[in-house]
Amino acid sequence: MRLLIVTQAVDQEDSDLGFFVRWIQEFAKHAERVEVICLKKGTYSLPETVRVHSLDKETGASRLKYIVNFYKYIWQLRSEYDAVFVHMNPEYMVLGGIPWKIWGKKITLWYTHKGVDLKLRIAEKLADVIFTASKESFRLKSRKVRVMRHGIDTDFFSPDASVIRGDWALSVGRLMPSKRHDLAIRRAAQEGRPLRIAGEGPERAHLEALARELHATVQFLGALTQAQLRDEYRTAAYLIHTSETGSLDKVVLEALACGLKIVTNDPALKPLENEGSDYVREHHSLQRLVPAILNDMQTL
(Lines give C-alpha, C1' and ligand atoms only; values in the text may rest on other atoms or scores of the structure.)
Protein backbone atom coordinates (compact mmCIF):
# COMPACT_ATOMS: atom_id res chain seq x y z
CA MET A 1 0.00 0.00 0.00
CA ARG A 2 1.10 3.54 -0.77
CA LEU A 3 0.02 5.76 2.08
CA LEU A 4 -0.47 9.47 2.75
CA ILE A 5 -0.30 10.40 6.43
CA VAL A 6 -1.51 13.82 7.54
CA THR A 7 -0.46 14.90 11.03
CA GLN A 8 0.32 17.95 13.13
CA ALA A 9 4.06 17.52 13.72
CA VAL A 10 6.98 15.33 12.70
CA ASP A 11 9.50 16.12 15.42
CA GLN A 12 10.90 13.54 17.83
CA GLU A 13 11.79 16.33 20.28
CA ASP A 14 8.19 17.58 20.52
CA SER A 15 6.96 16.92 24.07
CA ASP A 16 3.39 16.18 22.96
CA LEU A 17 3.74 14.68 19.49
CA GLY A 18 7.27 13.27 19.42
CA PHE A 19 5.84 9.74 19.67
CA PHE A 20 4.34 10.00 16.18
CA VAL A 21 7.74 9.71 14.49
CA ARG A 22 7.78 6.10 15.71
CA TRP A 23 4.27 5.60 14.29
CA ILE A 24 5.54 6.70 10.88
CA GLN A 25 8.52 4.36 11.20
CA GLU A 26 6.14 1.49 11.94
CA PHE A 27 3.86 2.33 9.00
CA ALA A 28 6.93 2.40 6.76
CA LYS A 29 7.72 -1.21 7.69
CA HIS A 30 4.45 -2.37 6.13
CA ALA A 31 3.78 0.13 3.33
CA GLU A 32 5.44 0.37 -0.06
CA ARG A 33 5.79 4.13 0.30
CA VAL A 34 4.70 6.76 2.84
CA GLU A 35 4.15 10.44 2.10
CA VAL A 36 3.66 12.63 5.18
CA ILE A 37 2.08 16.09 5.26
CA CYS A 38 2.58 17.88 8.57
CA LEU A 39 1.88 21.33 9.94
CA LYS A 40 5.49 21.58 11.14
CA LYS A 41 8.62 19.48 11.08
CA GLY A 42 11.70 19.33 13.28
CA THR A 43 14.12 16.54 14.16
CA TYR A 44 13.40 13.05 12.87
CA SER A 45 14.99 9.96 11.36
CA LEU A 46 12.87 8.03 8.88
CA PRO A 47 13.46 5.37 6.19
CA GLU A 48 14.13 6.32 2.57
CA THR A 49 10.62 5.19 1.66
CA VAL A 50 9.21 8.12 3.66
CA ARG A 51 9.04 11.72 2.48
CA VAL A 52 7.95 14.56 4.80
CA HIS A 53 6.24 17.68 3.43
CA SER A 54 5.72 20.56 5.87
CA LEU A 55 3.02 23.21 5.69
CA ASP A 56 5.76 25.51 7.03
CA LYS A 57 4.56 26.46 10.50
CA GLU A 58 8.19 26.19 11.66
CA THR A 59 9.07 29.10 9.32
CA GLY A 60 6.23 31.32 10.56
CA ALA A 61 3.93 30.88 7.56
CA SER A 62 0.38 32.24 7.77
CA ARG A 63 -2.77 30.13 8.04
CA LEU A 64 -3.58 30.97 4.42
CA LYS A 65 -0.15 29.64 3.43
CA TYR A 66 -0.87 26.42 5.35
CA ILE A 67 -4.02 25.86 3.31
CA VAL A 68 -2.34 26.70 -0.01
CA ASN A 69 0.51 24.30 0.79
CA PHE A 70 -1.92 21.58 1.86
CA TYR A 71 -3.83 21.65 -1.42
CA LYS A 72 -0.55 21.88 -3.38
CA TYR A 73 0.78 18.73 -1.75
CA ILE A 74 -2.34 16.58 -1.94
CA TRP A 75 -2.62 17.50 -5.64
CA GLN A 76 1.05 17.07 -6.56
CA LEU A 77 1.28 13.75 -4.70
CA ARG A 78 -2.10 12.36 -5.78
CA SER A 79 -0.53 9.62 -7.93
CA GLU A 80 1.86 8.63 -5.10
CA TYR A 81 -0.71 7.35 -2.57
CA ASP A 82 -3.72 5.04 -2.54
CA ALA A 83 -5.02 5.71 0.96
CA VAL A 84 -5.05 8.54 3.50
CA PHE A 85 -4.53 8.30 7.26
CA VAL A 86 -5.34 11.55 9.08
CA HIS A 87 -4.03 11.63 12.64
CA MET A 88 -6.14 13.51 15.23
CA ASN A 89 -6.94 16.61 13.14
CA PRO A 90 -10.42 16.42 11.57
CA GLU A 91 -9.89 19.81 9.91
CA TYR A 92 -7.65 18.08 7.36
CA MET A 93 -10.53 15.74 6.58
CA VAL A 94 -12.75 18.78 6.05
CA LEU A 95 -10.20 20.33 3.69
CA GLY A 96 -9.18 17.24 1.76
CA GLY A 97 -12.12 14.88 2.03
CA ILE A 98 -13.96 15.84 -1.16
CA PRO A 99 -10.86 15.90 -3.44
CA TRP A 100 -9.75 12.55 -1.99
CA LYS A 101 -13.17 11.06 -2.69
CA ILE A 102 -13.16 12.40 -6.25
CA TRP A 103 -9.72 10.83 -6.78
CA GLY A 104 -10.90 7.49 -5.38
CA LYS A 105 -8.66 7.45 -2.29
CA LYS A 106 -9.44 5.41 0.81
CA ILE A 107 -9.91 7.93 3.64
CA THR A 108 -9.36 7.13 7.31
CA LEU A 109 -9.14 9.13 10.54
CA TRP A 110 -7.49 8.33 13.87
CA TYR A 111 -9.20 10.27 16.67
CA THR A 112 -9.01 9.87 20.46
CA HIS A 113 -10.67 12.78 22.24
CA LYS A 114 -13.95 13.30 24.03
CA GLY A 115 -14.65 16.57 22.21
CA VAL A 116 -17.24 16.61 19.42
CA ASP A 117 -17.48 19.70 17.21
CA LEU A 118 -18.65 20.61 13.72
CA LYS A 119 -15.29 19.70 12.15
CA LEU A 120 -15.52 16.20 13.58
CA ARG A 121 -19.11 15.79 12.42
CA ILE A 122 -18.11 16.74 8.87
CA ALA A 123 -15.03 14.51 9.04
CA GLU A 124 -17.21 11.56 10.09
CA LYS A 125 -19.30 11.98 6.94
CA LEU A 126 -16.23 12.11 4.68
CA ALA A 127 -14.20 9.28 6.24
CA ASP A 128 -14.49 5.68 5.12
CA VAL A 129 -13.31 4.44 8.51
CA ILE A 130 -12.59 6.09 11.87
CA PHE A 131 -10.05 4.41 14.14
CA THR A 132 -9.99 5.08 17.87
CA ALA A 133 -8.38 3.62 20.99
CA SER A 134 -11.46 2.87 23.12
CA LYS A 135 -15.21 3.37 23.00
CA GLU A 136 -14.79 6.40 25.31
CA SER A 137 -12.23 7.97 22.96
CA PHE A 138 -14.77 8.78 20.24
CA ARG A 139 -18.05 10.24 21.47
CA LEU A 140 -19.85 10.65 18.13
CA LYS A 141 -22.08 7.71 17.24
CA SER A 142 -21.08 6.22 13.91
CA ARG A 143 -21.04 2.82 12.23
CA LYS A 144 -17.66 3.78 10.77
CA VAL A 145 -15.87 3.62 14.13
CA ARG A 146 -13.45 0.77 14.79
CA VAL A 147 -11.94 0.44 18.28
CA MET A 148 -8.29 -0.52 17.84
CA ARG A 149 -6.78 0.15 21.30
CA HIS A 150 -3.77 2.39 21.86
CA GLY A 151 -0.47 2.14 20.01
CA ILE A 152 2.36 2.18 22.55
CA ASP A 153 5.81 1.53 21.15
CA THR A 154 6.80 -1.28 23.50
CA ASP A 155 10.26 -1.47 21.95
CA PHE A 156 10.85 2.08 23.19
CA PHE A 157 8.73 2.12 26.35
CA SER A 158 10.16 -0.94 28.08
CA PRO A 159 11.55 -1.91 31.50
CA ASP A 160 15.25 -1.47 32.30
CA ALA A 161 16.37 -3.84 35.05
CA SER A 162 19.66 -1.97 35.44
CA VAL A 163 17.91 1.19 36.67
CA ILE A 164 17.30 1.59 40.40
CA ARG A 165 13.94 3.12 41.24
CA GLY A 166 13.63 6.07 43.60
CA ASP A 167 11.06 6.73 46.32
CA TRP A 168 9.14 9.50 44.56
CA ALA A 169 5.76 9.39 42.85
CA LEU A 170 5.18 10.61 39.31
CA SER A 171 2.24 12.44 37.73
CA VAL A 172 2.19 12.98 33.96
CA GLY A 173 0.02 15.14 31.74
CA ARG A 174 -0.71 18.66 30.60
CA LEU A 175 -1.21 21.03 33.54
CA MET A 176 -4.92 21.63 33.10
CA PRO A 177 -7.98 21.09 35.35
CA SER A 178 -9.14 17.79 33.78
CA LYS A 179 -5.79 16.12 34.58
CA ARG A 180 -6.32 16.79 38.34
CA HIS A 181 -2.67 17.10 39.29
CA ASP A 182 -4.00 18.81 42.42
CA LEU A 183 -5.19 15.41 43.67
CA ALA A 184 -1.76 13.94 43.02
CA ILE A 185 -0.19 16.73 45.07
CA ARG A 186 -2.64 16.16 47.93
CA ARG A 187 -1.97 12.42 47.94
CA ALA A 188 1.80 12.92 47.92
CA ALA A 189 1.51 15.43 50.78
CA GLN A 190 -0.57 12.98 52.85
CA GLU A 191 1.98 10.22 52.29
CA GLY A 192 4.94 12.51 52.89
CA ARG A 193 6.33 11.32 49.58
CA PRO A 194 8.17 13.50 47.00
CA LEU A 195 6.27 14.05 43.76
CA ARG A 196 7.55 14.83 40.27
CA ILE A 197 5.11 16.28 37.74
CA ALA A 198 5.88 16.02 34.02
CA GLY A 199 3.99 18.44 31.82
CA GLU A 200 3.34 22.10 31.17
CA GLY A 201 0.17 24.14 30.99
CA PRO A 202 -1.98 26.98 32.32
CA GLU A 203 -2.45 25.50 35.82
CA ARG A 204 1.21 25.54 36.79
CA ALA A 205 1.07 28.64 39.01
CA HIS A 206 -2.02 27.30 40.81
CA LEU A 207 -0.41 23.91 41.38
CA GLU A 208 2.82 25.46 42.63
CA ALA A 209 0.80 27.53 45.12
CA LEU A 210 -1.06 24.41 46.28
CA ALA A 211 2.21 22.55 46.82
CA ARG A 212 3.53 25.41 48.97
CA GLU A 213 0.27 25.56 50.96
CA LEU A 214 0.41 21.82 51.71
CA HIS A 215 4.17 21.85 52.32
CA ALA A 216 4.45 19.13 49.69
CA THR A 217 7.77 18.30 48.06
CA VAL A 218 6.92 18.73 44.40
CA GLN A 219 9.27 19.13 41.46
CA PHE A 220 7.76 20.49 38.25
CA LEU A 221 9.69 19.02 35.33
CA GLY A 222 8.02 20.96 32.54
CA ALA A 223 7.53 19.53 29.08
CA LEU A 224 9.69 16.44 28.46
CA THR A 225 10.86 14.67 25.32
CA GLN A 226 9.83 11.06 24.88
CA ALA A 227 13.28 9.84 25.99
CA GLN A 228 13.16 12.00 29.12
CA LEU A 229 9.66 10.78 29.93
CA ARG A 230 10.77 7.17 29.55
CA ASP A 231 13.53 7.84 32.07
CA GLU A 232 10.93 9.15 34.52
CA TYR A 233 8.78 6.04 34.08
CA ARG A 234 11.81 3.85 34.72
CA THR A 235 12.97 5.61 37.88
CA ALA A 236 9.79 6.56 39.79
CA ALA A 237 8.28 4.45 42.58
CA TYR A 238 4.82 4.58 41.02
CA LEU A 239 2.56 6.68 38.78
CA ILE A 240 -0.32 8.60 40.37
CA HIS A 241 -3.09 8.76 37.76
CA THR A 242 -5.78 11.30 38.67
CA SER A 243 -7.00 12.37 35.23
CA GLU A 244 -10.76 12.82 34.76
CA THR A 245 -10.85 12.81 30.96
CA GLY A 246 -13.06 9.71 30.96
CA SER A 247 -10.96 7.58 28.63
CA LEU A 248 -7.97 5.28 28.83
CA ASP A 249 -5.02 7.64 29.20
CA LYS A 250 -2.01 6.48 27.21
CA VAL A 251 0.40 7.67 29.93
CA VAL A 252 -0.95 4.81 32.06
CA LEU A 253 0.01 2.34 29.34
CA GLU A 254 3.40 3.96 28.76
CA ALA A 255 4.13 3.69 32.49
CA LEU A 256 3.04 0.05 32.63
CA ALA A 257 5.14 -0.73 29.55
CA CYS A 258 8.18 0.57 31.47
CA GLY A 259 7.37 -1.66 34.44
CA LEU A 260 6.06 1.20 36.60
CA LYS A 261 3.29 0.45 39.08
CA ILE A 262 0.23 2.68 38.71
CA VAL A 263 -2.25 3.97 41.28
CA THR A 264 -5.42 5.40 39.70
CA ASN A 265 -8.58 7.15 40.87
CA ASP A 266 -10.53 5.86 37.86
CA PRO A 267 -12.63 2.80 38.85
CA ALA A 268 -12.60 1.58 35.23
CA LEU A 269 -8.79 1.48 35.25
CA LYS A 270 -8.37 -0.09 38.70
CA PRO A 271 -7.73 -3.57 37.21
CA LEU A 272 -4.64 -2.15 35.50
CA GLU A 273 -3.01 -1.59 38.90
CA ASN A 274 -2.21 -5.30 38.85
CA GLU A 275 -0.93 -5.39 35.27
CA GLY A 276 2.58 -4.95 33.88
CA SER A 277 4.54 -4.54 30.68
CA ASP A 278 3.32 -7.84 29.19
CA TYR A 279 -0.27 -6.55 29.24
CA VAL A 280 0.64 -3.49 27.16
CA ARG A 281 2.71 -5.54 24.73
CA GLU A 282 -0.16 -7.96 24.19
CA HIS A 283 -3.08 -5.52 23.98
CA HIS A 284 -1.84 -2.01 23.17
CA SER A 285 1.44 -2.23 21.28
CA LEU A 286 2.15 -0.09 18.25
CA GLN A 287 3.62 -3.15 16.59
CA ARG A 288 0.18 -4.81 16.66
CA LEU A 289 -1.84 -1.66 15.95
CA VAL A 290 -0.29 -0.53 12.67
CA PRO A 291 -0.67 -3.86 10.79
CA ALA A 292 -4.28 -4.04 12.01
CA ILE A 293 -4.99 -0.51 10.72
CA LEU A 294 -3.42 -1.25 7.34
CA ASN A 295 -5.30 -4.54 7.08
CA ASP A 296 -8.59 -2.72 7.64
CA MET A 297 -7.64 -0.07 5.07
CA GLN A 298 -6.86 -2.72 2.45
CA THR A 299 -10.34 -4.21 2.86
CA LEU A 300 -12.10 -0.92 2.05
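Me: Which element gives the most to the lining of the second largest pocket?

Reply: That would be α2, with four residues. Keep in mind that this is a predicted model. Along with α2, α3 is an element that gives two or more residues to that lining.

Me: What lines the second largest pocket, and how much space lies in it?

Reply: About 370 Å³ of space lies there. Its lining includes R63, Y66, I67 and F70, and also Q8, L39 and Y92. Sorted by class, the lining has seven nonpolar, two polar and three charged residues.

Me: α2 and α3 come up together here. How do I read two packed helices?

Reply: You describe such a pair by the angle between the axes and the distance between the axes. In this case, α2 (residues 63-76) and α3 (residues 90-102) pack at about 35 degrees, and their axes are 11 Å apart. Their crossing is right-handed.

Me: Which residues make the contact?

Reply: On the α2 side look for F70, Y71 and I74; on the α3 side, Y92, L95, G96, P99 and W100. By class, that contact has seven nonpolar residues, one polar and no charged ones. Notice F70, Y92 and L95: they also line the second largest pocket.

Me: And what is the volume of the largest pocket?

Reply: About 1400 Å³. There are 46 residues lining the largest pocket, and D16, T112, K179, D249 and K250 lie nearest its centre. By class, the lining divides into 17 nonpolar, 17 polar and twelve charged residues.

Me: Which element gives the largest share of that lining?

Reply: α8, with three residues. Other elements that give two or more are β1 (2-10), α1 (20-30) and α7 (226-235).

How values were computed: Residues are numbered from 1 along each chain as its sequence is written. This is a predicted model: local features need pLDDT of at least 70, side-chain atom pairs count only at pLDDT 80 or more; totals for chains, interfaces and linings use all residues. Side-chain values use heavy atoms; hydrogens and water are left out. Axes are lines fitted to C-alpha atoms, for helices over the stretch in contact, and angles run from 0 to 180 degrees between N-to-C directions. A crossing is left-handed if the near helix is turned anticlockwise from the far one by less than a right angle, and right-handed if clockwise. Contact means heavy atoms within 4.5 Å. Ala, Val, Leu, Ile, Met, Phe, Trp, Tyr, Cys and Pro count as nonpolar, Asp, Glu, Lys and Arg as charged, and the others, Gly among them, as polar. On a 1 Å grid over the protein atoms alone, a cavity is a set of points where a 1.4 Å probe fits but cannot get out, and a pocket is an open set with protein on both sides within 12 Å along at least five of seven lines; lining residues have an atom within 4 Å of a point. Grid points are joined across faces, edges and corners, and a volume is the space filled by probe spheres set on the points.
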